[in-house]
Amino acid sequence: MKRIFSGVQPTGNLHLGNYLGAIRNWVHLQDDFEDCLFCVVDMHAITVWQDPADLIANTREVAAAMIAAGVDPERNIIFNQSQVSGHAELAWIFNCVARLGWLDRMTQFKEKAGTDKERASVGLYAYPNLMAADILLYKGTHVPVGEDQKQHLELARDIAAKFNHDYKTEMFPIVEPLIFGTATRVMSLKDGTKKMSKSDPSDLSRITMTDDTDAIARKIKKAKTDPDGLPSEAKGLEGRPEAANLVGIYAALSGTEVTDVLGEFGGQGFGVFKPALAALAVEKLSPIQDEVRRLMDDTAAVDAVLRSGAERARALAEPILKEVQKTVGFLHP
Ligand code: TYM
């Protein structure tokens, strides 16, 4: 059995990296996989402080963006994590399977905790165990994500393998990351060596799914570049992270390859390329943004999707969680 699970945190406006690196790629998976679960991971979100009202609004917005991007809520299961208590229950068991040494190696914790590790929440540290639980609560086999999640998925594999080994079972599959598309790592518009992220203090570093036409044009115009024009071959982008990023975004948005983009724009300056990129971004993003806005005015419809998604997710999770509890030796007479 092949089953997809993926998640997005409702921690602020979704950006182009989330769209190109993840959500957009989910649309076609429903044809190849029987069950696809797409989760708004609100429990992961509170590992750093979230204003409760904002968390509710952001949860709806991420669900709306999934739907607007073309993820069909009938054929796929769209829900928010906290509605299915099995995520927390399995995460606890995994807290007891994963080793401190494994979590100590997680680069995302180091980045997010910064220099003041003592003040980070315990949840932020244990975050990857919850992520493993998300996937394995459904015996998920394939996980479509951007490149930044690779290390967390390796940990999920280690947890599954250790659980299977310790309890002498073949309960959990060893999950496969699906990292595909031409934009597995979209970089900041202000620094081509840093990934585009929701937590970057500069709003100019990212294009969000709620930016209007003017904002998109302004951010692309102000994006960092170098003084050279665009090369005609991909090799000419080496050592030019900002140029490579913008060309990569163009390729991803237009559904072509970097070589095609350079075939068209090679030899031109950014004065020509940037307006073309802005026009393309607006053309591709605005229909999705319009649909997100429409759905955000109809919260009852979004809530209905999340409610029914959670019901369907619970039905899949329940027998698996029971099997795990029995394996561990939890007596439920
Ligand atoms: P999150 O919310 O940070 O990001 C959601 C998805 O967007 C991808 N992504 C990017 N892709 C390309 N370029 C970027 N700059 C970029 N930034 C983000 C991420 O790789 C991700 O696919 N821990 C996860 C959420 C999660 C999860 C899971 C994912 C929780 N449980 C189970 C998969 C399976 C996270 O924080 O994603």
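The model is predicted. The chain is assigned domain 1 (4–184 + 299–328) and domain 2 (203–294). Between them they bury about 1,200 Å².

**Domain layout**

- Domain 1 is given in two segments, 4–184 and 299–328.
- Domain 2 is given as 203–294.
- Taken over C-alpha atoms, the centres of domain 1 and domain 2 are 30 Å apart.
- Domain 1 puts 14 residues into the contact, and domain 2 puts in 15 residues.

**Interface between the domains**

- Of the area buried between domain 1 and domain 2, 75% lies on carbon and sulfur atoms.
- On the domain 1 side, Leu16, Ala68 and Thr182 lose the most area to domain 2. Together these three residues account for 41% of what that side buries.
- Salt bridges between domain 1 and domain 2 number 0.
- Polar contacts do cross the interface of domain 1 and domain 2, with 3 residue pairs found.
- Two elements, α1 (16–26) and α3 (52–68), each give two or more residues to the side of domain 1 that touches domain 2.
- That side of domain 1 consists of 9 nonpolar, 3 polar and 2 charged residues.

**Ligand surroundings**

- Met196 has a polar backbone atom 3.0 Å from a nitrogen atom of the ligand.
- Gln149 uses its side chain: a polar atom there lies 3.0 Å from a nitrogen atom of the ligand.

Key
Residues numbered from 1 in each chain as written. Predicted model: local features only at pLDDT ≥ 70, side-chain atom pairs only at ≥ 80, totals over all residues. Heavy atoms only, no water. Domains from an automatic or database assignment. Contact = heavy atoms within 4.5 Å. Buried area = accessible area lost by both parts, 1.4 Å probe. Salt bridge = Lys/Arg side-chain N within 4 Å of Asp/Glu carboxyl O. Polar contact = N/O pair within 3.5 Å; in protein donor to acceptor, adjacent residues only side chain to side chain. Helix = DSSP H or I, 4+ residues; strand = E, 2+ residues; numbered from the N terminus. Nonpolar A, V, L, I, M, F, W, Y, C, P; charged D, E, K, R; others polar.
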